[in-house]
Amino acid sequence: MLEIREQTRLPLGKLLRICRLSIAHRLLRSFVTVAIIALAIAFLASTLTAARLGLAARDEAVRETRDFSAYSRFLTALQAWSGPAAALDWMASAPDDAATAANLQEWGGGESAGAFRLQAAEARQVMNWFETLPPGSRVLLAENRSGIELLDWLAEPKNRKRFATRLAGMPSAKLPIPTERLNALLDGWLGFRAWLGEMTAGRNRRLEALAQNFAPRKPEQALIEAAASGESERIFADVEANGLAFSPDERRAIAREAVFEAQLAVALAWTREPAIRAGWNAEFQEDFSPARVLESSAGSPQRLRWIKERLGEKSAGFNEKEFSDVGEQFQRRREAFEAGKSLSTRYGTQAGIDTRTGWLIGVSFLVCVVGIANAMLMSVLERFKEIATMKCLGARNETIGFLFIFESLAMGLLGGALGIAGAVLFAVLPGLWIHGDRLLRAFPFGGLAEVADLGLAAGLILSGVAAIYPAMVASRMAPLEAMRVD
Amino acid sequence: MTMETKSPSSTSRSVARRSPVLIRTRDVVKEYRKGEVATRALQGVTCEIRRGEFVAVMGPSGSGKSTFFNVIGALITPSSGRVLVDEVDVAQLNRDELAYIRCKKIGYIFQSYNLVPALTALENVMVSMRFAGVLEDDARVKGMSLLERVGLKDRWDHTPKQLSGGQQQRVAIARSLANDPRILLCDEPTANLDHKTGQDIIDLLVALNKDGGVTIICATHDYRMIDQCDRIFWIRDGLIDKIQNRSEITVRLAGIEEK
């Protein structure tokens, strides 16, 4: 009786070599398979890459406008004392940190800061929505009230019913928040409103005390002047005494920004000179706006010369270089600000894959798996004799199956690599075009490496899954098939 | 070419007669089912093949010749009956054990050579040794010596495409010998080859049989092959119609003669 031992496995190196040779042997079909994988992976990877690039550019843009956002937050905080709408704005946009939460809680009389913020944000949303409606619609809906008046008016249940009926007859106007949220907001509105008024009044009293230092100017004016004269710390001390905290970095940024705002105010004052305002349109065929004049003159000697000439005798105080510098900086800030905002809307929440793209990627993966499976199956059926011969030579079922899974995986890896290369072409080049040097300054190498890993993994998984059935067919092929003569 | 049956008196090769039985079948039945219809390709075949024999299997198509051939080659398992290859009942083995038998005990030679097209001659010979667990270096040395034996040592790095039909068949023979099998199973090994090359292959097989003591079972229609064999199994209607010793027949090999 002979002893039957377990069959030895083919070593990995040998398997890889057979796979490589098999792929090379059917170069055209392998190429098609690899191309299918590469396309699917390129689609996935380019979408992800575009999102990563967009996010990196957004972060960079936000970073560029950090000074300005600290400054504007500070101003909003100051303005929160100037009326209920501004107070809502301040609350809705207040940063999500412990100090603000403490402030809000103090102001909100014990309510949780998160719920409070949400309430403020929703109220602001409804107000904004209403105020941006066409005037005709506003009249029809609520007799041309202002946003805050609308909420006051709606707090009364019978008005709410009337409003709902009118809204139902106006399909173009759609509430920005769900009806039940609005109702919840309105139910508590009167209390909230009373508290808002109280807070505003209290803040106004404090502001008066604060403003006495700078009377009779507006608080921001006071800040700008204080910053320009290096005395901004005094303002912050006052503000802090009134319950608003800013870090030293933020204070420096706000002071810097305030100086710039002062320069900007000076520059804009020049553009508002009657001589400029009157002659601009005729000279440059452009609608006049102070910002437009400032931006378009930056770095344009011809326009600067024209402004100086138009100013006539006043031009003695006009510094062309300063004006141009401020214009340039203003333009850069505005661009960065807009880029940050638009990129936030585009990539802010879901890392760049929206539902539609997600479906497309899913379908492309499905097509890819079916395509590879088909190609592999053809390869298996075409090689029936080779497979059966190997079985006659003593190959185990598993060995044959592994051979095909390996072959598919190798093509998946290759396709994944090609797809990632394609994604670089399809996403990075346009990204550089769109985001410009902002992207170069903050190129997300780490993020792209992640995308590459993901792409390779996806290629391997797709090709592995696709190879399961063909490998099963191959491994179950009877050795007898070797005898078939074609 | 003609063949005549002689009277069963002459001497047979005593070597094969005295050696132990290598393949033994007993009442082997093989049924193929296609839906309701069952076809009996073999209906109870019993035979013995001894070590060192050169057996030719003959029969018209549809006679069950291929089925008989595949059953004793452990390529298919019989529906009933016993097939003992080297004292192991093939019908009782699972697929991994069958793979082991095919790897170590039997060498296969096919009509269309069946080399792996992506591999070189040497690698083709080495594949079955790798399946048997022989180390890479040992397999290389043995592969080269086998190629030398079939006269293709200097073509070791040629792929099947770069070899002629006869050369491919010789590589296939080298491959079938890689794990020192007791049995060589040849399926029409000369059918795709021209006269001269076919003769070379036959000479090679005969040399392996006579000098190497390898048992050869050969399905063939080539009279030159039959001329060299010890016994002929005639299969008809799923049964062994008759078994003749080489000495019982006369094979006349001749070209076309003018009357």
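Tutor: Before we start, strands here are DSSP runs of E with at least two residues, helices are runs of H or I with at least four, and both are numbered from the N terminus. Also keep in mind that this is a predicted model.

Student: OK, where is B:Asp86 placed in chain B?

Tutor: Look at its backbone to begin with: B:Asp86 isn't a glycine, yet its phi is positive, about 50°. As for its place, B:Asp86 falls between two strands of chain B, S5 (80-85) and S6 (88-89), in the loop.

Student: And is B:Asp86 buried or exposed?

Tutor: The cut-off for buried is 20 or more other C-beta atoms within 10 Å. B:Asp86 has 21 C-beta neighbours inside 10 Å, so it counts as buried.

Student: Moving on to S8(B), how many of its residues are buried?

Tutor: Take the two sides of the strand in turn. B:Ile183, B:Leu185 and B:Asp187 point one way and B:Leu184 and B:Cys186 the other, and every one of them is buried. For strand S8 (residues 183-187) of chain B, that gives 5 of 5.

Student: Which residue of S9(B) does B:Leu185 stand opposite?

Tutor: S8(B) has strand S7 (residues 106-109) of chain B as a parallel partner over 4 bridges, with B:Tyr108 opposite B:Leu185. S8(B) also runs parallel to S9 (residues 215-219) of chain B, joined by 5 bridges. In that pairing, B:Leu185 faces B:Ile217.

Student: What is the handedness of the crossover from S8(B) to S9(B)?

Tutor: Follow the chain out of S8(B), through helix H7 (residues 195-212) of chain B, and into S9(B). That path is a β-α-β crossover, and it is right-handed.

Student: Over to chain A: how many helices does it have?

Tutor: Chain A has 486 residues, and 36% of them are buried. You'll find 0 strands in chain A, and its helices number 23.

Student: Last one: on the side of chain A that touches chain B, where does the largest share come from?

Tutor: The interface puts 29 residues of chain A in contact with 30 residues of chain B. Helices H1 (12-25) and H20 (384-392) of chain A each supply at least two residues to the chain A side. The largest share is 6 residues, and it comes from H20(A).

Conventions
Residues numbered from 1 in each chain as written. Chains lettered and ligands numbered in written order. Predicted model: local features only at pLDDT ≥ 70, side-chain atom pairs only at ≥ 80, totals over all residues. Contact = placed C-beta atoms within 7 Å. Buried ≥ 20, exposed ≤ 12 C-beta atoms within 10 Å, placed from the backbone. Pairing = 2+ DSSP bridges. Right-handed = clockwise from strand over helix to strand, strands pointing away.
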